[in-house]
Amino acid sequence: MALINGIDIDSQGRCVHYHEENDVACLKCAQCGKYYACYLCHDASEDHHFMASDKNDSPVLCGVCRHKMNFNEYTSGKCPYCGHAFNPNCKKHYSIYFS
């Protein structure tokens with residue numbers, strides 16, 4: 001099972017910064033290769049800033065079922081494996097998470 005990193009995370013990857021029911025998409029930093037609940041958690045925990053991942057390099061992890069997915073799978077709005085919905089407001093951060 002893939003590890004989700006973050007600050008005060010719950011069992012499905014919600015963190016101190018993002019903790020609504022649909023805040024379960026965890027993102028991969030291209031530099032360290034770790035999945036974090038959000039870029040704020042990453043930047044507070046690592047000695048480098050979050051680096052955007054290639055859209056085709058499984059940059060997203062579903063916090064509910066722990067399946068890794070590419071950008072196209074993620075942008076469907078829900079996990080293609082378990083069906084849990086993702087927060088549509090995450091679109092505001094695409095430039096941070098994806099290259």
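Biologist: What should I keep in mind about the numbering and the model before I start?

Modeller: Residues are numbered from 1 along each chain as its sequence is written. The model is predicted, so local features need pLDDT of at least 70 and side-chain atom pairs count only at pLDDT 80 or more, while totals for chains, interfaces and linings use all residues, and side-chain values use heavy atoms, with hydrogens and water left out.

Biologist: In what order do the strands of the sheet lie?

Modeller: Helices (H or I, at least four residues) and strands (E, at least two) are DSSP runs numbered from the N terminus, and two strands pair if DSSP finds at least two bridges between them. Here five strands form an open sheet in the order S1-S3-S2-S4-S5, with mixed pairing. Its edge strands, each pairing on one side only, are S1 (4–5) and S5 (68–69). S1 pairs with S3 (residues 35–36) in the parallel sense over two bridges, and Tyr35 in S3 is the bridge partner of Ile4.

Biologist: Which residues touch the most other members of the largest nonpolar core?

Modeller: A nonpolar core is a set of buried Ala, Val, Leu, Ile, Met, Phe, Trp, Tyr and Cys residues joined through side-chain atoms within 4.5 Å; buried means under 20% relative accessible area, exposed over 50%, and partly exposed in between (1.4 Å probe, protein chains only). The largest core has 21 residues, of which Val60, Met69, Tyr74, Phe86, Tyr97 and Phe98 touch the most other members. Strand S2 (25–28), H1, S4 and H2 are the elements that give two or more residues to this core. Contact means heavy atoms within 4.5 Å, and beyond its neighbours within four places in sequence, Phe86 has contacts that include Val24, Cys62, Met69 and Tyr74.

Biologist: How many cavities of 30 Å³ or more does a search of the whole structure find?

Modeller: On a 1 Å grid over the protein atoms alone, a cavity is a set of points where a 1.4 Å probe fits but cannot get out, and lining residues have an atom within 4 Å of a point; grid points are joined across faces, edges and corners, and a volume is the space filled by probe spheres set on the points. The search finds one such cavity, and about 100 Å³ of space lies in the largest cavity. Among its lining residues are Tyr18, Asp23, Ala37, Cys90 and His93.

Biologist: Is Ala37 buried or exposed?

Modeller: Ala37, in the loop between S3 and H1, is buried because its relative accessible area is 8%. Leaving out residues up to four places away in sequence, Ala37 touches Ile4, Ala25 and Leu27, among others.

Biologist: Where do the lysines Lys28 and Lys55 lie?

Modeller: Lys28 lies in strand S2 and is buried, because its relative accessible area is 18%. Lys55 lies in the loop between helix H1 (39–45) and strand S4 (60–62), and counts as partly exposed because its relative accessibility is 34%. Not counting residues up to four places away in sequence, Lys55 touches Asn70, Phe71, Phe98 and Ser99.

Biologist: What separates the C-alpha atoms of Asn89 and Asp23?

Modeller: They are separated by 9.5 Å, although Asn89 and Asp23 are 66 residues apart along the chain. Asn89 is in the loop between helix H2 (71–74) and helix H3 (94–97), and at 45% relative accessibility Asn89 counts as partly exposed.

Methods
1 Å grid on protein atoms, 1.4 Å probe; cavity = no way out; pocket = protein on both sides within 12 Å on 5 of 7 lines; lining within 4 Å.
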